[in-house]
Amino acid sequence: MHVAVLGAGTMGHGIAQVSAMAGHDVVMRDVADEYVRDGIDAVEENLRGGVERDKVTEAEMTATLDRITGTTSLADAVADADLVIEAVPEEMDLKRETMREVEGFADADAVLATNTSSLSVTEILSALDRPGRGVGLHFFNPVHIMALVEVVAAEQTAAATLDFAHEFVEDVGKTAVEVRDSPGFASSRLGVALGCEAMRMVQEGVASAEDVDAAMELGYNHPMGPIELGDVVGLDVRLDILEYLREELGERFRPPQILKRKVRAGKLGRKTGEGFYLWEGDEKVGVSDEGGER
């Protein structure tokens, strides 16, 4: 199968990697050569890490990288694709415009998927002349490690498209859960609700960020606490999702003030070096002054 992945960022290169590891030929497209190179370099770095941990062989790494090519041309990326997965930034207008452009270049039988984590798939697909071939494929970060993919059925999604999506998810070694298109789907809606309440608890002085996270890690077997997860995902991303869910579903998703203050201050989590925690690269090294320190 030929797979086109639009976007070479965190999600895009991850989707490209697992698709290529499953034996598919992948074209990864972004708007600048440097972004494409960065995406391919990130795939290689992930694979080398797998080799060092004896999770991937040298031969598998080489074969995977050989199956991935990069381009800045949308037309070239999607021309021969059986499946196109857009992983562009979470902006409705951008995703709709991307889908509209893809339809002009892609084969009539190609399935067109969006990797949105919370936006309306139905609205995104309404930009298509033939929206029945569209579907949501919500991968999780880091894609090469996380086992789940949400298959999101929009109002327009055809049964054959859903079947294709499930087969692809199984083929790349992931587990699918199918959800009806609704704000936040299942995972984002539940995940941000938990994270939002955890941040309110820190804001109200109920417990420190560290203790809230420890409670969920040790008491509920979560691999990472909700506060730390917000830092890893990006507090600006968390805020955007909460504001969208508040607009769609009501005041129970009102963002806490502590989150708004962090974002306004540019303390977005791991990617900026500070959120609720302090970070050096991918390593958590301390707690922010406004992180509910013990």
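**Reading strands and helices in a predicted model**

Modeller: Thr114 is buried, with a relative accessible area of 0%. Keep in mind that this is a predicted model.

Biologist: Where does Thr114 lie, and which residues does Thr114 touch?

Modeller: Thr114 belongs to strand β5, residues 111-114. Leaving aside residues up to four places away in sequence, Thr114 touches Glu86, Lys95, Met99, Val121, Ile124, Val135, Gly136 and Leu137.

Biologist: Which strands pair with β1, and in what sense?

Modeller: Strand β2 (residues 25-29) pairs with β1 in the parallel sense over five bridges. Within that pairing, Leu6 has Arg29 of β2 as its bridge partner. Between β1 and β2 the chain passes through helix α1 (residues 10-21), and this β-α-β crossover is right-handed. Strand β4 (residues 83-86) also runs parallel to β1, joined by four bridges. There, Val3 stands opposite Leu83.

Biologist: How do I read the crossing of helices α8 and α11?

Modeller: Angles of 65 to 115 degrees count as roughly perpendicular. The axes of α8 (residues 187-203) and α11 (residues 235-249) come within 10 Å and cross at roughly 110°. That makes α8 roughly perpendicular to α11.

Biologist: Which residues meet there, and of what class?

Modeller: From α8, Arg189, Gly191, Val192 and Cys196 meet Arg238, Ile241, Leu242, Leu245 and Leu249 of α11. This contact has six nonpolar, one polar and two charged residues.

Note on methods
Residues numbered from 1 in each chain as written. Predicted model: local features only at pLDDT ≥ 70, side-chain atom pairs only at ≥ 80, totals over all residues. Heavy atoms only, no water. Helix = DSSP H or I, 4+ residues; strand = E, 2+ residues; numbered from the N terminus. Buried < 20%, exposed > 50% of the residue type's maximum accessible area, 1.4 Å probe, protein only. Contact = heavy atoms within 4.5 Å. Pairing = 2+ DSSP bridges. Right-handed = clockwise from strand over helix to strand, strands pointing away. Axes fitted to C-alpha atoms, helices over the stretch in contact; angles between N-to-C directions. Parallel < 35°, antiparallel > 145°, perpendicular 65-115°, else oblique. Nonpolar A, V, L, I, M, F, W, Y, C, P; charged D, E, K, R; others polar.
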